[in-house]
Amino acid sequence: MAPAIDIIDESFVVAGQAELAARFSDPALWREWWPELTLSIARDRGSKGVRWTVGGAMNGSAEIWLEPWRDGVIVHWFVRADPVHPMPARRMQRLRESLVHGYKRRIHALKDEFERDRPCGAPRAYQDR
């Protein structure tokens with residue numbers, strides 16, 4: 001049976017893989033981006049991202065997978081979890097929407113930060129990936 005929360009997202013960021021991996025390896029970022037989730041590292045994948053176990057009010061897994069593509073990185077985000085206690089369908093939908101909208105707002109802010117000085121349509125000035 002599929003988990004109650006099953007989210008998949010892909011966002012392209014013109015940045016180096018190592019730069020993004022460093023950002024996503026910071027536990028302070030996890031708490032800021034996903035305050036509703038209690039995350040513990042299940043597997044640190046280095047420059048490829050990180051996998052977490054989700055605990056607290058929900059049980060499951062989450063992951064950031066960083067895939068180099070052209071002059072940037074596709075940031076794949078996954079969350080698969082079930083609430084510990086039963087939750088009405090409407091509340092579950094609001095939680096799902098809150099997670100998705102919060103993530104999109106934050107990943108777009110991160111994208112803006114990394115791409116701020118790059119003219120639109122211009123390739124990234126290469127550094128370490």
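Buried here means under 20% relative accessible area, exposed over 50% and partly exposed in between, with a 1.4 Å probe and protein chains only. The model is predicted, so local features need pLDDT of at least 70 and side-chain atom pairs count only at pLDDT 80 or more, while totals for chains, interfaces and linings use all residues. Residues are numbered from 1 along each chain as its sequence is written, and side-chain values use heavy atoms, leaving out hydrogens and water.

**View 1. Glutamate 115 in helix 3.** Start with helix 3, residues 89-115, where this glutamate is found (helices are DSSP runs of H or I with at least four residues, strands are runs of E with at least two, and both are numbered from the N terminus). Glutamate 115 has a relative accessible area of 15%, so it counts as buried. Setting aside residues up to four places away in sequence, glutamate 115 touches Phe12, Val13 and Val14 (contact: heavy atoms within 4.5 Å).

View 2. The structure holds 9 aromatic pairs. Rings of Phe, Tyr and Trp (its six-membered ring) pair if their centres lie within 6.5 Å; planes under 30 degrees apart are stacked, over 60 edge-to-face, and the rest tilted. Tryptophan 33 is buried at 6% relative accessibility, and tryptophan 34 is buried at 2%.

**View 3. Tryptophan 34 stacked with tryptophan 77.** This pair spans 6.0 Å centre to centre, with 15° between the planes. Tryptophan 34 sits in the loop between helix 2 (27-33) and strand 2 (38-44) and tryptophan 77 in strand 5 (residues 72-83), so the pair ties together parts 43 residues apart in sequence. Tryptophan 77 is buried, at 1% relative accessibility.
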